[in-house]
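Work through these exercises with the coordinates open.

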Amino acid sequence: MPQAAGRLSLSTHKGMEFPAAFNKCIHQLFEAQVSKTPDDIAIVFENQQLTYQQLNNKANQLAHHLKTLGVQPDTLVGIYVERSLEMVVGLLGILKAGGAYVPLDPAYPQERIALMLEDSQAPVIVTQSHLQAGLPETSAQVVCLDRDWQIINQESPSNLAVSSQPENLAYTIYTSGSTGKPKGVQIIQQAVVNFLTSMQHQPGITAKDVLLAVTTISFDIAVLELFLPITVGAKVVIVSRQTAADPIELMQAMATPTSATNAQSQATIMQATPATWRMLLTAGWEGKPDLKILCGGEAIPRSLANQLLARTAALWNMYGPTETTIWSTVKNHNFAPLSFAQEPLWLLEQLEPHTSVYNLPYAVRLQGELNIPVLQQALDAIAVHHEAVRTNFIAENGVPRQVINPPQPVGVTENFFELGGHSLLAVRLMAQIEKVCQQKLPLAAMFPTPTIEQLATTLRQKGQSSPWYSIVPVQPKGSRSPLFGIHSTRYHALANYLGTEQPIYALRYGLAVENGENMPTLPEKMEDLAAHYIQEMRIIQPQGPYYLMGLCIESIIAFEMAQQLTAQGEKVAMLALFDPTIEEGAKPLSWQNKLLNILKIGTGEVIQRAKKSLVKKMIARNNKQAVNKAQVKYKDYVLKPYQGKAFIFKPVDRISLTYDYEPDLGWGKLINGGLEIHEIPGVHTDIFQEPNVQVVAEKLKECLGKI
């Protein structure tokens with residue numbers, strides 16, 4: 001990781017610089033805060049908490065122990081723990097010993113963990129005794145924070161002599177990589193320290209804040225959640241993975257006092273992906289007026305941003321690839337832009353300290369040297385997001401200067417998508433056509449007729465006959481055969497990891513409901529719904545081979561589509577079924593197994609699951625999704641043998657209190673053309689959420705590569 005990456009995040013941030021931070025490491029920022037507020041609460045998990053001094057002492061003891069095992073600067077140390085106080089003790093202990101941590105999520109499949117351990121060659125792994133059996137076979141020395149604590153507790157609680165330097169590694173995080181194989185990204189201490197110091201100012205955090213931490217440490221944005229608060233005297237409240245995935249539990253965690261002695265210490269900052277915020281709103285979250293939202297990991301739609309702004313104190317949109325140290329661009333949505341040239345973008349790659357920062361409206365990643373063509377390419381990539389002006393860069397005395405030009409006219413034969421149009425602009429365009437022409441066109445009309453001339457012809461023909469239009473372009477560009485997923489709310493994060501060459505379209509019945517209209521009545525038969533989706537799909541792809549996917553009831557719809565396409569003589573190259581549980585593959589749990597599963601998941605999870613019916617009712621009330629109605633309407637659909645091949649993606653973390661599922665979920669008797677079963681992390685509700693979606697995308701790419 002170039003040292004410049006660390007410097008850039010400060011030199012380009014509103015001109016602020018923090019020279020003192022260049023000579024410190026992450027744990028030194030924390031130690032400085034310990035000396036100021038030793039008795040204040042630093043971290044909380046459920047009914048446990050540690051003060052700054054207690055956390056520092058435990059981390060020091062672990063660090064001393066790790067050094068006896070040979071940990072020194074740049075030594076990679078795996079950390080394979082559940083979300084807990086011990087997780088933070090482990091991270092700080094590794095850093096204090098001079099090492100760099102490698103997060104290993106227990107939710108990941110064993111083969112992924114094995115690959116990361118083999119690639120990193122980490123000589124030491126920090127874990128917990130109940131997880132040790134889940135580790136792949138390894139020659140690394142294993143430290144169990146619970147089992148071995150009596151030994152660790154004999155070490156000194158004093159701060160260690162400084163061994164690591166700002167240029168040493170802080171962590172190595174594995175991302176999906178462009179090839180589908182996990183890729184280790186190494187980040188140095190200086191880069192993280194400069195990032196944290198910058199974030200203290202914008203979006204900003206103070207000692208009075210309480211940050212609710214919901215992100216796995218295998219996702220680099222967790223660095224902000226766990227380390228930023230403890231460098232300023234704030235408090236971190238860690239929630240379990242189960243709570244982070246359940247909207248009701250998460251709402252309670254956001255509002256619950258974090259200690260018996262401080263009833264006012266509720267969450268004031270929370271960072272999450274748009275998918276998590278959308279999940280909360282769907283479940284009826286009414287907001288929190290004092291909450292500062294940090295939102296990133298995927299694009300945030302304007303409609304979602306508006307809903308969040310109306311319910312909270314502030315909304316900050318965050319952007320940045322792992323390689324640029326977490327977030328490299330932040331944008332405050334509370335301030336409306338005055339013009340195209342006045343929206344901020346901080347270009348963090350290829351800039352030297354004190355380089356002027358040019359104002360652009362959205363984050364782009366630059367490749368190569370910073371020069372006129374590169375800047376112009378960046379503008380071309382973002383121009384579609386603003387309709388008022390266009391802008392260019394020219395050279396003036398060797399320095400790039402921004403020039404704003406008036407909008408350019410569009411020819412009647414120019415292609416909307418070739419000009420940079422995308423699904424969100426297409427929705428707005430259709431709304432304007434309806435307003436001006438008093439005639440509604442389906443969004444699907446944009447694909448076969450993407451020019452002004454062709455749209456005019458469609459209008460003269462009084463639009464299309466079907467009022468059901470269902471196509472949602474998730475990622476419409478790319479040279480590969482498109483993937484068609486049933487329903488539209490799940491696939492945006494997946495598209496990010498599959499890459500720009502993989503088109504993805506979702507099929508959602510009655511898309512008009514997204515524009516405020518009433519949901520049309522679902523067809524009486526599953527077969528009719530599948531036939532409608534096939535008709536809509538052929539607008540995009542008239543002939544096979546077709547690639548279909550779905551989750552839960554959606555997978556059954558995809559299955560019926562595959563049946564019909566095969567009967568019509570079309571080839572179905574992929575039928576991807578995500579957690580497709582069916583009655584044929586399930587039998588009621590015996591009371592003995594039910595008791596064992598209750599003991600496995602704990603009483604908290606049992607209570608959480610008891611609330612699921614309430615959640616479903618709230619979702620049905622607040623968001624009329626076709627999938628919910630389909631689950632009821634098509635419960636009597638009869639599955640028949642399918643002559644093609646299918647790929648099943650089965651979450652490994654599900655522990656049922658109702659059914660015992662067969663290894664193939666019952667599909668072995670139905671799929672006659674070959675069945676591949678792939679294990680993926682997570683449970684039914686978080687398959688397509690971070691960080692699980694990264695692994696899902698890898699598995700899916702592997703399967704696509706075999707076809």
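Tyr52 is buried, at a relative accessible area of 0%; buried means under 20%, exposed over 50% and partly exposed in between, with a 1.4 Å probe and protein chains only. The model is predicted: local features need pLDDT of at least 70, side-chain atom pairs count only at pLDDT 80 or more, and totals for chains, interfaces and linings use all residues. Residues are numbered from 1 along each chain as its sequence is written, and side-chain values use heavy atoms, with hydrogens and water left out.

**Exercise 1.** Classify the aromatic pair that Phe30 and Tyr52 form.

*Solution.* 
- Apply the rule: rings of Phe, Tyr and Trp (its six-membered ring) pair if their centres lie within 6.5 Å; planes under 30 degrees apart are stacked, over 60 edge-to-face, the rest tilted.
- The count by this rule is nine aromatic pairs.
- Phe30 and Tyr52 have 6.0 Å centre to centre and 25° between the planes, hence a stacked pair.
- Helices (H or I, at least four residues) and strands (E, at least two) are DSSP runs, numbered from the N terminus.
- Check burial: Phe30 has a relative accessible area of 1% and is buried.

**Exercise 2.** Classify the pair of Phe559 and Tyr642.

*Solution.* 
- The centres are 5.8 Å apart and the planes 70°, which is edge-to-face.
- Phe559 belongs to helix α18 (residues 553–567); Tyr642 lies in the loop between α21 (626–633) and β23 (646–651), 83 residues away.
- Phe559 is buried at 0% relative accessible area. Tyr642 is buried at 2%.

**Exercise 3.** Is helix α2 enclosed or open, and what covers its buried residues?

*Solution.* 
- Eight of the 11 residues of α2 (residues 26–36) are buried, so this helix is largely enclosed by the rest of the structure.
- The buried residues include Ile26, His27, Phe30 and Val34.
- The cover includes α3 (52–68), α4, β7 (169–175), α7 (189–204) and α8 (222–227).

**Exercise 4.** Describe the largest nonpolar core.

*Solution.* 
- Use the definition: buried Ala, Val, Leu, Ile, Met, Phe, Trp, Tyr and Cys residues joined through side-chain atoms within 4.5 Å.
- The largest core has 89 residues; Tyr101 and Phe227 are among those with the most contacts inside it.
- Helix α4 (residues 85–96) gives the largest share, eight residues.
- Another core lies apart from it, with 34 residues, including Ile471 and Phe484.

Notes: Contact = heavy atoms within 4.5 Å.
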